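Please look over the sequence and the model shown here before reading on.

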Amino acid sequence: MKYATGRIIGIDLARFVALVSMFVAHTAPSAGPGGVLTLSEFLTMPLFAALLGASAYLSLQHMNMTFLFASSVVRGIVLIALGMWLDTWGASVDIILQYFGVLSIVVVPLVLAPSWVLAVIAAVITLVNPYVLTWGSNLNRELVLEGSWLQYLANWTVAGSHYRVFTMVCWAAVGIIIARGMQRWGVWGDLGLALVASAGAIAIYLYTRPTSSLMVYSGARLEVFFNILAAAAAMGWCALVARAFRAKPQVLQPLTDTGSMTLSLYVLQIGILAAYMKYAPRYGLPLSDDSWWVMSLLIVVAILFAVLWKRLLGATPLHRGPFESILAALTGRG
């Protein structure tokens, strides 16, 4: 399930799914038929976190632990700085890069832990998450009043309004477990993961719909568990699709090319949404960027950008993508 470049097709396909899910979450003007588009709010961030964990585990297979940790620290610092810069652009979204910057450092020691330990970590986080977030919110309030710079760290780790690294560790741990399994269990394991996780997620979604008790970004136990199932299902189905096109991986290449440069396309998205917020009033456009045409524009532009970049620069040191190539150079992973 790899291209000649060594990239894993199923992982990049899952990144593409997460990217499109993010575009839907940020710009869809309605919940869609039966509220199905609301699922993007529950899937995007957990899937990205799970893929970050999976990628850290896979990276350890071709670099030693010391190098992985050192390069991850550099990567984390760059992502934090980039996220704080993007936060000044004016897009109407909560920038996630600072959180992933911290997570990329925190997750590295987890790749050495046995799968049962990771499962215990994920279970414990799920159980104590509401208490930790309440404590974190109170702590962050005190740090803000004191004017302490630690408010940023508290916000990123336990007190964010939408994202918290403490919770994201749970999904990253599950991503590591899944990445390990996919190297051992074959197609039937992928199918079992996809079916069981999908069935569980659908059951929870249908059970909670009448009361709307499944609240996005709440940090409640049920939401965290639902997010685990949604991310696991997405990874399972993407692995199955990659296996189905094993003989003709070029069929999926436009999608996997897009998934291979999600950082650059994330930045491009923020640029487009910030430009919309700035110039929309001048041209009589709605003040909100929630519309079908903005969502479609983001998806089409992302795919075209990635495909053209790979076509034009695929044989150069910049083949990874604009920001991916910079990160590779800074972290020594080039």
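What follows goes through the helix contacts and then through selected residues.

The model is a predicted one, in which local features need pLDDT of at least 70 and side-chain atom pairs count only at pLDDT 80 or more, while totals for chains, interfaces and linings use all residues. Residues are numbered from 1 along each chain as its sequence is written, and side-chain values use heavy atoms, with hydrogens and water left out. Helices are DSSP runs of H or I with at least four residues, numbered from the N terminus.

Two packed helices are described by the angle between their axes and the distance between the axes. Here the axes are lines fitted to C-alpha atoms over the stretch in contact, and the angles run from 0 to 180 degrees between N-to-C directions. Take helix 2 (residues 39-59) and helix 9 (residues 221-244): their axes come within 8 Å and cross at roughly 65°. That makes helix 2 roughly perpendicular to helix 9, a label for angles of 65 to 115 degrees, whereas angles under 35 count as roughly parallel, over 145 as roughly antiparallel and the rest as oblique. The crossing of helix 2 with helix 9 is right-handed, that is, the near helix is turned clockwise from the far one by less than a right angle.

Contact means heavy atoms within 4.5 Å. On the side of helix 2, the residues that meet helix 9 are Leu-39, Phe-42, Leu-43, Pro-46, Leu-47, Ala-50, Leu-51 and Ala-54. Helix 9 contributes Glu-223, Phe-226, Asn-227, Ala-230, Ala-231, Ala-234 and Met-235. The residues of this contact divide into 13 nonpolar, one polar and one charged; Ala, Val, Leu, Ile, Met, Phe, Trp, Tyr, Cys and Pro count as nonpolar, Asp, Glu, Lys and Arg as charged, and the others, Gly among them, as polar.

Helix 1 (residues 9-27) and helix 11 give another pair, packed at an angle of about 15° with their axes 11 Å apart. Helix 1 and helix 11 are therefore roughly parallel to each other, and their crossing is right-handed. Arg-15, Leu-19, Met-22, Phe-23, His-26 and Thr-27 of helix 1 make the contact with Thr-262, Leu-265, Tyr-266, Gln-269 and Leu-273 of helix 11. By class, the contact of helix 1 with helix 11 has six nonpolar residues, four polar and one charged.

Burial can be followed next. Buried means under 20% relative accessible area, exposed over 50%, and partly exposed in between, with a 1.4 Å probe and protein chains only. Eight of the 10 residues of helix 4 (residues 97-106) are buried, so helix 4 is largely enclosed by the rest of the structure. The buried ones are Leu-97, Gln-98, Tyr-99, Phe-100, Gly-101, Val-102, Leu-103 and Ser-104. Their cover includes helix 2, helix 3, helix 6 (150-159), helix 7 (165-182) and helix 11.

Ala-49, found in helix 2, counts as buried at 0% relative accessibility. Beyond four places in sequence, Ala-49 touches Phe-100, Leu-103, Met-168, Trp-171 and Ala-172. The C-alpha atoms of Ala-49 and Ser-104 are 55 residues apart along the chain and separated by 9.1 Å.

Arg-75 lies in helix 3 and is partly exposed, with a relative accessible area of 32%. Leaving aside neighbours within four places in sequence, Arg-75 is in contact with Ser-104, Leu-327 and Thr-331.

In helix 13 (residues 322-331), the buried residues are Glu-324, Ser-325, Leu-327, Ala-328 and Thr-331. Seen down the axis of helix 13, these residues fall within an arc of 160°, so they line one face of the helix; the arc is that of the directions from the helix axis to the C-beta atoms. An α-helix has 3.6 residues a turn, so residues three or four places apart point the same way. The buried residues of helix 13 pack against helix 3 (65-86) and helix 11 (262-279). Gly-332, with a positive phi near 80°, follows helix 13.

Which non-glycine residue has a positive phi of about 65°? That residue is Tyr-217, in the loop between helix 8 (186-208) and helix 9. Tyr-217 counts as buried at 19% relative accessibility.

Methods. Helices (H or I, at least four residues) and strands (E, at least two) are DSSP runs, numbered from the N terminus.
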